[in-house]
Amino acid sequence: MNNLCVAHRGFSSIAPENTMAAFLLAMEQPEVQWMELDVQLSRDGVPVVIHDFTFDRTTNGKGLVRETDWSAIQQLDAGSWKGKAYQGERVPALSEVLDRCCGKVRLNIELKTQGDMYPGLPAAVIHEVRKRHMQHDVVITSFEPAALVEVKKLAPEFKTGLIIDARPGDLAAVLRQMKCSFLSIGYTNVDKSLMREMRDEGIQVMAWTVDDKTIMKRLAAMDPELMLCTNKPDEWEQAFQETSSRFFRP
C-alpha cells in the first residue's frame, strides 16, 4: 500500500484553500484518505475554517478572525482570489466541513492559535467532533503545545499531534509528556532515524508540505507508514502510479 495522501487545506493547488470547493474536490480523488484544515474562532465563538489570523490574503475582507462575528464572516468571498470560477465561495464553519466529511474521509484539524489567543478553541472543536461521533476519524494538531494539553485534558480519547518544523533532540520525550500519538513535521526534517524513533514510540508521522513527485517518492522509500501532506493530490497519484507501473508492467 502506498503512503497515505493528506490533502493540505483540501485540493488547494486548484481550488481556494480551506473552502468547501477545495474539500469536495479533494474528496473526489480516490487517493485522498485524509484532509488537513485549520480552525479558529469567530468573535462569537463559532469554529471557522481559515488559515491566516486575518482575512486579507484569502478573502475580500480585512481584519482579525477573532474580532469578527460569524454573521459577518459568512458574507465574505473566499474564492475570487483563486479565480472567477470560485467567486462566492465562503469561509466554512467547522460544523459544515464535518457534516460533509463524516464517514468519507479522515481529518487532521489544526488548532490555529498562539499562546492564549483562543482559550475556548479546544473545547469548541471537541464539541463539534463529539456531536458527530467522529473522534476516531480525526487527529487534533497544533504548533501550540498548551492547546494540545488542553485537548487531552478535556477529551482523553482524542488523538493529538504536535506540529514542528525542526528536529529537537528530546522530541520523543516531549511527545510522551504531552500524550501525543501523532507528529506533523516539515518534510526536510524527516529521515529514517526519525521514523525508527517514532515507530518505537508508537507515533504516527505526517510530513508537510510535499508537492514534488521526486521528493514524494524519496520520502515514501524511507517508510511506507509516513503520511504525505500535499497541495497536489494529483502529483501524489502520478508519483505512485509511475512506481506501480514500473514494478507491475506485464
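Helix α4 is followed by His-133, whose phi is positive, near 55 degrees; helices here (H or I, at least four residues) and strands (E, at least two) are DSSP runs, numbered from the N terminus. The model is a predicted one, in which local features need pLDDT of at least 70 and side-chain atom pairs count only at pLDDT 80 or more, while totals for chains, interfaces and linings use all residues. Residues are numbered from 1 along each chain as its sequence is written, and side-chain values use heavy atoms, with hydrogens and water left out.

**Confidence**

The chain averages a pLDDT of 95, and 96% of the residues score at least 70, where pLDDT is the predictor's confidence in each residue, from 0 to 100. Over residues 245-250, however, the pLDDT is below 50, and this stretch has zero contacts in the model beyond near neighbours in sequence; contact means heavy atoms within 4.5 Å. Where pLDDT is low, the predicted coordinates should not be read in detail.

Helix α4 spans residues 121-131, and its buried residues are Leu-121, Pro-122, Ala-124, Val-125, Ile-126, Glu-128 and Val-129; buried means under 20% relative accessible area, exposed over 50%, and partly exposed in between, with a 1.4 Å probe and protein chains only. The cover over these buried residues includes the strands β2 (32-41), β3 (47-49), β4 (106-111) and β5 (138-142), together with the helices α3 (94-101) and α5 (145-154).

The largest nonpolar core has 71 residues, and Leu-107 and Ile-109 are those with the most contacts inside it; such a core is a set of buried Ala, Val, Leu, Ile, Met, Phe, Trp, Tyr and Cys residues joined through side-chain atoms within 4.5 Å. Another core, of eight residues, lies apart from it and has Trp-34, Met-206, Met-227 and Cys-229 among its members. Leaving aside neighbours within four places in sequence, Leu-107 is in contact with Trp-34, Met-35, Leu-37, Leu-98, Cys-101, Met-134, Asp-137, Val-138 and Val-139.

**The cavity and the residues around it**

The structure holds one cavity of 30 Å³ or more, and the largest cavity has a volume of about 60 Å³. On a 1 Å grid over the protein atoms alone, a cavity is a set of points where a 1.4 Å probe fits but cannot get out, whereas a pocket is an open set with protein on both sides within 12 Å along at least five of seven lines; lining residues have an atom within 4 Å of a point. Grid points are joined across faces, edges and corners, and a volume is the space filled by probe spheres set on the points.

The residues that line the largest cavity include Glu-17, Asn-18, Ile-50, Thr-58, Ala-78 and Arg-90, and the lining divides into five nonpolar, five polar and two charged residues. In these classes Ala, Val, Leu, Ile, Met, Phe, Trp, Tyr, Cys and Pro count as nonpolar, Asp, Glu, Lys and Arg as charged, and the others, Gly among them, as polar.

Thr-58 has its place in the loop between β3 and α2 (70-73), and it counts as buried because its relative accessibility is 7%. Leaving aside neighbours within four places in sequence, Thr-58 is in contact with Glu-17, Ile-50, Asp-77, Ala-78 and Trp-81. The C-alpha atoms of Thr-58 and Ile-126, which are 68 residues apart along the chain, are separated by 26 Å.

**The largest pocket**

About 180 Å³ of space lies in the largest pocket. Its lining has 13 residues, of which Gln-204, Val-205, Asp-223, Pro-224 and Glu-225 lie nearest its centre. Helix α7 (192-201) and strand β8 (204-208) each supply at least two residues of this lining, and the largest share, three residues, comes from α7. By class, the lining of the pocket has eight nonpolar, two polar and three charged residues.

**Backbone features in loops**

The peptide bond from Trp-208 to Thr-209 is cis, with omega near -25 degrees, and Thr-209 is found in the loop between β8 and α8 (213-222). Within helix α8 is Ile-215, which is buried, with a relative accessible area of 18%. Not counting residues up to four places away in sequence, Ile-215 touches Tyr-187 and Val-210.
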